[in-house]
Amino acid sequence: MTVSDMPYKFYPNKSATIISAPFSGGQDKPGVEHGPSHLLAANLQSELESLGWDISLDDPLKNFDYQEYSKIKDVYKNCKKPKLVSDATNKIYNSVKNAALSNNFPITIGGDHSIAIGTVAGVFHKYPDSCLLWIDAHADINTPLTTSSGNLHGCPISFLMGLDSHSYPPHLKWIPKCLSPGRIAYIGLRDVDDGEKKILRELNIAAYSMYHVDKYGINNVVQMALRKINPHNDRPIHLSYDVDAIDPLYVPATGTPVRGGLTLREGLFIAEAVAETGNLAALDIVEVNPSLARNDVNVIDTVGAGLAIAKCAFGDTIV
Ligand SMILES: NC(=[NH2+])NCCC[C@H](N)C(=O)O
Ligand SMILES: [Mn+2]
Ligand SMILES: [Mn+2]
């Protein structure tokens, strides 16, 4: 592959919006809501500006009243906090949509991975022809019928695809069914639930696990994944990056760590290779949870990895 002569084809004037999504309601462990403030304190904005980007900030959950939700019983069958997740991701959806509609590259910093309900829906509103590259140890494609944890950060893909849609909590029915199975590829999988494996097989979804990374090497895996979802390299690519794809050695401060993950270099290579296509259209960096660090080094490593992913995606190393 050659370096695109049109880097960032969808945002040629290199302007971006950093959207803070300090949200933890898609899972049970407090602390992931502090991810955005740590990434910003690590100079995310000025680091991206020094790469030639014009950066604005948005904070769609600024006035969000979390207290209100603790007063109500927010469960639907086995799904935890559907109203909270619905309302928060709807605000993120509008922020991402508005950024993309005003030609600002949306980079959303989480927060748990349920926020991708809003980010993917927002990007696909502007670019319905997009494809989604999901970097994660997990498939996050449980439906309300298959989830055993009830945590909605394990379900965003199924809502975006409309899988088992009759089972949805009423609040989540607004989510546009914008994603088709041929438009998503995974890299980094190693902790996939049985119900999820069945879905991945039945829908013939491009799923590259750590086994494939070892077998073919990271470059081949990225190229294979992109060829499946973007065969002519003309579609916008949404890169949704769960930092737990990277091995806990490098990214210890995350809610659902799984050993045997990507090396830090493999993880960064993915962001570089997607940037190199010229078609990167949105980025999420999720599941940074500074509260789960055992010491300061853990925080520095995890936040530093998130920052490095963003810089690679924004052209630090190649473009
Ligand atoms: N975004 C994440 N870290 N998701 C972890 C999901 C874990 C498990 N598959 C579940 O559904 O509960
Ligand atoms: Mn995830
Ligand atoms: Mn994960």
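For a protein of 319 residues, a compact globule would have a radius of gyration near 20 Å; the value here is 18 Å, which agrees with that expectation. The model is a predicted one, and the values in this report are computed from it.

## Overall form

Along the principal axes, the C-alpha trace spans about 50 × 40 × 40 Å. The secondary structure consists of 11 helices and 10 strands. Further values for the whole protein are collected in the table.

| Property of the protein | Value |
|---|---|
| Residues that count as buried | 59% of 319 residues |
| Accessible surface | about 12400 Å² |
| Share of the accessible surface belonging to carbon and sulfur atoms | 50% |
| Distance between the mean positions of the 28 positive and 35 negative charges | 6 Å |

The contacts show how the chain is folded upon itself. Among contacts between residues at least 6 apart in sequence, 75% join residues at least 24 apart.

## The manganese site

Which residues are the protein donors of the manganese ion (ligand 2)? They are H113, through ND1, together with D136, D140 and D242, each through OD. Along the chain, the donors of the manganese ion (ligand 2) follow the spacing H-x22-D-x3-D-x101-D. Two of them, H113 and D136, link distant parts of the chain, being 23 residues apart. H113 is in the loop between β5 (105–110) and α5 (116–126), whereas D136 is in the loop between β6 (131–135) and α6 (156–161). Both H113 and D136 are buried.

## A residue of strand β5

P106 is found in strand β5. Is P106 buried or exposed? A residue counts as buried when its relative accessible area is under 20%; P106 has a relative accessible area of 1% and is therefore buried.

The surroundings of P106 can also be described. Leaving aside residues up to four places away in sequence, P106 touches Y11, T17, I19, V96, A99, A100, V123, A281, A282 and L283. One of these, V96, is 10 residues from P106 along the chain, and the C-alpha atoms of the two residues are separated by 5.8 Å.

Terms used. Residues are numbered from 1 along each chain as its sequence is written. Chains are lettered from A and ligands numbered from 1 in the order in which they are written. This is a predicted model: local features need pLDDT of at least 70, side-chain atom pairs count only at pLDDT 80 or more; totals for chains, interfaces and linings use all residues. Side-chain values use heavy atoms; hydrogens and water are left out. Helices (H or I, at least four residues) and strands (E, at least two) are DSSP runs, numbered from the N terminus. The radius of gyration is taken over C-alpha atoms; the globule rule is 2.2 Å times the number of residues to the power 0.38. Buried means under 20% relative accessible area, exposed over 50%, partly exposed in between (1.4 Å probe, protein chains only). Contact means heavy atoms within 4.5 Å. Accessible areas come from the Shrake-Rupley method with a 1.4 Å probe; for residues, only the protein chains shown count as cover. Lys and Arg count as positive and Asp and Glu as negative; His and the chain ends are not counted. The place of a charge is taken as NZ of Lys, CZ of Arg, CG of Asp or CD of Glu. Donors are N, O and S atoms within 2.8 Å of the metal (3.2 Å for Na, K and Ca); water is not among the atoms, so sites may look incomplete.
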